[in-house]
Amino acid sequence: MPRDSRWPPAPEPLPGEVIDNHTHLRMAVGWTAEGWPGGETRDLGGHLALAASVGVGRVVEVGCDLDSLETTVALADAHAGVLGAVAIHPNEAVLHAGVRETAPDGLDPRAEPRHDVPLDEALAAVARAASGAGRVRAIGETGLDYFRAGPRGRAAQREAFRAHVALAKELGLALQIHDRDAHADVVATLLADGAPERTVLHCFSGDVELARTCAEQGWVCSFAGPLTHKANDELRAAAAVLPDHLVVVETDAPYLTPVPHRGQPNSSYVMPLTVRALAQVRQADLERTCALVTANAERLYGPW
């Protein structure tokens with residue numbers, strides 16, 4: 001949960017439309033934070049309307065656990081500005097694999113009833129959700145999270161990651177990757193198995209070296225609120241060296257809120273702060289940056 005329960009105020013609108021490449025608005029709707037700037041309508045429609053009013057006209061809603069697959073498909077079907085991405089999150093994969101080891105962060109995994117479903121059956125559910133819905137345009141988020149997994153959990157994550165990579169290629173969909181403290185193994189897996197033609201590292205957290213690897217391979221890098229955090233000079237340096245066609249922006253709402261609202265809940269309407277930071281880091285015109293990240297997202301997911 002956020003440290004500050006107030007919703008941030010709506011920022012100044014952008015000079016052009018942008019796309020939130022990765023969000024969990026279904027979860028943001030469920031947070032009853034104070035001071036909603038869009039009035040009293042805090043349902044998904046209210047979040048989308050407020051986002052559109054500041055220039056964030058379209059979003060990719062991500063469902064990354066077994067319980068959210070069908071919900072994500074339904075949201076994308078119901079809202080013209082929403083596309084879906086579906087997967088089993090790497091931390092979820094650990095629990096579906098029956099692993100119950102204490103994670104490196106010191107937390108014990110909390111299993112829910114959905115985790116009684118074996119990993120192979122959970123992955124099959126992702127395949128069904130993705131193949132049966134034209135509004136699902138990506139497999140994700142999948143990948144590796146070594147911050148939250150011990151040795152047995154990491155093995156389960158690698159198994160699930162490789163299955164998702166294969167599924168994205170089979171269905172011709174983009175791949176959204178979660179990479180936390182696992183840069184080398186993420187890269188090694190993609191190189192060994194062959195990355196899908198359209199691959200994006202969600203909430204890019206690497207340095208210049210990883211950015212250059214992504215540039216060499218044609219992998220897109222998606223930047224979220226941490227780009228604005230004071231300590232992240234290496235992240236800003238990475239954003240500065242990427243070629244124009246490999247940069248997109250996201251919120252990962254309701255998490256990773258940009259400054260000056262870090263610690264408060266996040267939503268797609270807050271993303272203009274990150275877009276402005278990206279333009280400043282890349283020493284680029286703001287209007288051109290909006291057009292650039294929008295065109296890049298449309299190449300990843302197609303028109304909608």
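Leaving aside neighbours within four places in sequence, Asp 145 is in contact with His 89, Pro 90, Asn 91, Gln 157, His 178 and Arg 180, where contact means heavy atoms within 4.5 Å. This is a predicted model, in which local features need pLDDT of at least 70, side-chain atom pairs count only at pLDDT 80 or more, and totals for chains, interfaces and linings use all residues. Residues are numbered from 1 along each chain as its sequence is written, and side-chain values use heavy atoms, with hydrogens and water left out.

Asp 145 belongs to strand β4 (residues 136-145). Helices (H or I, at least four residues) and strands (E, at least two) are DSSP runs, numbered from the N terminus. Asp 145 is buried, and buried means under 20% relative accessible area, exposed over 50% and partly exposed in between (1.4 Å probe, protein chains only). What does the side chain of Asp 145 make a polar contact with? The partner is the side chain of Asn 91, at 3.2 Å. A polar contact is a pair of N or O atoms within 3.5 Å; within protein, one must be able to donate a hydrogen and the other to accept it, and residues adjacent in sequence count only if both atoms are side-chain atoms.

Helix α2 (residues 44-53) has the buried residues Leu 44, Gly 46, His 47, Leu 48, Leu 50 and Ala 51. Their cover includes α1 (25-29), β2 (56-63), α3 (69-78) and β3 (82-86). After α2 comes Gly 55, with a positive phi near 110 degrees.

Next come the aromatic rings. Rings of Phe, Tyr and Trp (its six-membered ring) pair if their centres lie within 6.5 Å; planes under 30 degrees apart count as stacked, over 60 as edge-to-face and the rest as tilted. By this rule there are 4 aromatic pairs. The ring centres of Trp 31 and Tyr 255 are 5.8 Å apart and their planes stand at 85 degrees, so this pair is edge-to-face. Trp 31 is in the loop between α1 and α2, and Tyr 255 is in the loop between β8 (247-249) and α10 (272-281), so the pair ties together parts that are 224 residues apart in sequence. Trp 31 is buried, at 15% relative accessible area, whereas Tyr 255 is partly exposed, at 36%.

Phe 204 and Phe 223 form a tilted pair, with 5.5 Å between centres and 55 degrees between planes. Phe 204 lies in the loop between β6 (199-201) and α8 (208-217), and Phe 223 in strand β7 (residues 220-223). Both are buried.

Notes:
Lys, Arg positive; Asp, Glu negative; His and termini not counted. Salt bridge = Lys/Arg side-chain N within 4 Å of Asp/Glu carboxyl O.
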